[in-house]
Amino acid sequence: MRLPTRPTSPSSGLSPRRADIQGLRALAVVGVLIGHVFGWPRGGFLGVDVFFVISGFLITGLLLREYERTGRVSLADFYRRRVKRILPAAVLVVGVTLVAARLVFNPARFADVVGDALWSGVFASNWHFAATGTDYFTANGPESPLQHFWSLSVEEQFYLAWPLLLLVTIAAMGAGREAASRRLVVAVVGVLITASYVWATVDTASNPTASYFSTFTRAWELGVGALLAACEPLCRRLPRAVRLVAAWVGLAVVVSSFVVVDESSGVPAPMALAPVLGAALVIAAGCGSTRITLPPLTNRFSVALGSVSYSLYLWHFPVLILLAGGTVRAPVLGVVIVVVSVLLAAVTYHLVEKPVIASPLLAKQSQKDRSTAWQTWWTDYGRSLRRWGVGSLVGVTTVVTAAAVIDSRAHPTPAPLSLEAGPTRGTGPTPGGPSTTPEGMPSPARSERLSRRPRGRRRHRRWTTRSALRRRRPRWGRVRRRRATPRRPAPSAGALRRRPWRSSETRWPSPTWRPSGRSPTGRDRPGGFNRAASSAARSSTSTSPRTSPSDGRARPTARRPSPI
């Protein structure tokens with residue numbers, strides 16, 4: 001959208017990244033992470049409110065500085081930057097979470113996660129959770145690993161509406177009236193803050209579950225950041241001593257609100273006012289021409305953690321839900337969740353977030369300029385991408401191997417059951433212990449002996465024909481292979497009839513003799529001979545001759561031995 005042109009101010013350039021804001025991001029994400037994993041501090045969830053203030057300040061300041069520098073605000077460039085900043089890491093986290101949920105959750109819960117992913121993809125998950133009655137503090141059912149995307153949806157809805165309203169406000173004042181435009185922006189933002197805060201107070205008292213996710217009850221927090229950006233020239237005039245005191249007071253207010261405020265205090269209003277005002281004081285204190293030093297926020301560790309705060313916020317909740325189900329019962333598991341989340345955030349920042357933001361992706365350039373831009377980008381980030389890529393592969397391999405070893409030790413594989421396992425023939429127990437369990441299954445000792453028994457018809461052979469062919473080859477000369485021995489043909493029915501039944505424990509003396517506990521009729525009888533079957537066999541043999549159709553001779557009738 002083209003606005004009335006005005007002269008570009010030489011002092012209105014894009015300010016460099018502020019270390020105090022990066023430290024404030026680190027403080028906010030640490031509060032959210034530790035609060036979710038360990039349950040302390042109780043108000044760690046208020047770090048999201050600090051994020052809202054930072055986002056409102058940065059986005060509004062970016063738009064105002066672009067107008068002061070070029071006399072226009074390009075909505076296409078703005079949304080292009082937002083897409084490169086927000087979408088790559090978010091899409092990666094959602095995709096990995098869906099794959100892990102498919103492996104961990106049952107089909108019904110996985111279907112719920114897919115629905116949450118779709119709502120997160122259109123940046124409306126906050127309204128989805130509010131409509132389904134999701135309680136952020138009390139889990140009425142299984143928690144979604146994408147529940148934390150509600151805050152990202154609120155920010156994206158702010159990014160869609162606020163630039164349009166800001167452009168209309170600036171265009172209403174015309175060209176060359178910078179101070180008047182800022183005053184009008186301050187007035188409009190003040191009205192929005194007041195209306196949103198009043199509504200948040202009323203809605204929190206009547207419907208706290210839905211008001212926590214509502215965009216209208218959170219708009220005042222983003223508006224406080226926008227108000228700071230519009231009043232930035234006034235903040236620069238403050239003395240350095242005043243700004244230093246304001247920074248320390250704001251930091252103390254934010255930290256104390258994390259410790260004191262809990263879910264029953266009334267969030268987002270009125271108790272979210274404390275961290276919002278504390279973050280506003282810290283941001284306003286750093287707006288001067290001379291930077292102030294706030295060691296808890298401006299040290300190298302805080303700045304580095306603040307750089308990966310977005311990726312860390314995206315990863316921590318899926319890791320928490322997938323590994324612990326939302327409740328950490330052991331401190332060691334909590335430490336593992338924190339470490340895994342930080343490692344994933346670092347890899348995502350260096351492999352996805354930072355390279356994509358610096359790339360000429362989605363930029364309006366000619367073919368030649370685009371090729372040159374991509375070559376420059378690869379020169380700057382190619383080495384870092386290779387290093388972090390190799391490191392992430394090594395880390396993933398190590399984690400998967402360790403998880404497999406731990407799982408194998410926690411759930412040892414049972415000994416395989418042989419096909420020959422079954423009730424033991426004979427009356428005596430097997431040497432070395434009972435042969436079967438009360439359920440009729442073979443005991444572990446018998447199963448182990450059966451698994452070590454050689455297979456096949458010839459039980460004295462310790463290898464098969466195939467294993468004999470795989471013997472050591474000679475170093476030189478032609479490979480000699482042993483000719484496979486043909487398998488012995490199966491015995492005929494007559495041979496089976498003439499051959500007495502044999503067992504590894506006893507030899508049956510007659511076809512009518514049965515082992516203990518079995519009878520031809522299937523009924524259990526005590527050990528010894530089956531007298532009824534013996535007398536029936538003798539009578540049938542003596543009184544019932546059978547004439548063969550081939551030779552006409554009578555043959556006695558004998559019952560075939562039962563294989564049981």
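Reply: A charge is said to sit over a ring if NZ of Lys or CZ of Arg is within 6 Å of the ring centre and within 35 degrees of the ring normal. The model is predicted, so local features need pLDDT of at least 70 and side-chain atom pairs count only at pLDDT 80 or more, while totals for chains, interfaces and linings use all residues. Residues are numbered from 1 along each chain as its sequence is written, and side-chain values use heavy atoms, with hydrogens and water left out.

Me: Over which ring does the charged end of R102 sit?
Reply: The group in question is the charged end of R102, which lies 5.8 Å from the centre of the ring below. That ring belongs to F110.

Me: Is R218 buried or exposed?
Reply: R218 lies in the loop between α8 and α9 (219-230), where helices are DSSP runs of H or I with at least four residues, numbered from the N terminus. The charged end of R218 sits over the ring of Y212, 4.5 Å from its centre. Buried means under 20% relative accessible area, exposed over 50% and partly exposed in between, with a 1.4 Å probe and protein chains only. Because its relative accessibility is 1%, R218 counts as buried.

Me: Which residues are in contact with R218, leaving aside its neighbours within four places in sequence?
Reply: Contact means heavy atoms within 4.5 Å. With those neighbours set aside, the residues in contact with R218 are D49, F52, W150, V154, S196, Y212, V267 and P268.

Me: How many aromatic pairs are there, and what kind of pair do W150 and F213 form?
Reply: Rings of Phe, Tyr and Trp (its six-membered ring) pair if their centres lie within 6.5 Å, and planes under 30 degrees apart count as stacked, over 60 as edge-to-face and the rest as tilted. By this rule the count comes to 20 aromatic pairs. For W150 and F213, the centres are 5.7 Å apart and the planes stand at 90 degrees, and this pair is edge-to-face.

Me: Which helices hold W150 and F213?
Reply: Both W150 and F213 are buried. Their pair ties together parts that are 63 residues apart in sequence, because W150 lies in helix α6 (residues 149-173) and F213 in helix α8 (residues 208-213).

Me: Why do the buried residues of α11 lie on the same side of the helix?
Reply: The buried residues of α11 are R243, A246, A247, G250, L251, V254, S257 and F258. An α-helix has 3.6 residues a turn, so residues three or four places apart point the same way.

Me: Which exposed residues does the face of α11 turned away from its buried side carry?
Reply: What covers the buried residues of α11 includes α1 (19-38), α2 (47-70) and α12 (273-285). The face turned away from the buried side of α11 carries the exposed residues A241, V245 and V260.

Me: How many disulfides does a search of the whole structure find?
Reply: A disulfide is a pair of cysteine sulfur atoms within 2.5 Å. The closest cysteine sulfur to that of C231 is in C235, at 6.4 Å, which is too far for a bond. The sulfur of C287 is 4.9 Å from its closest cysteine sulfur, also in C235, and this is again too far for a bond. For the whole structure, the number of disulfides found is zero.

Note on methods:
Helix = DSSP H or I, 4+ residues; strand = E, 2+ residues; numbered from the N terminus.
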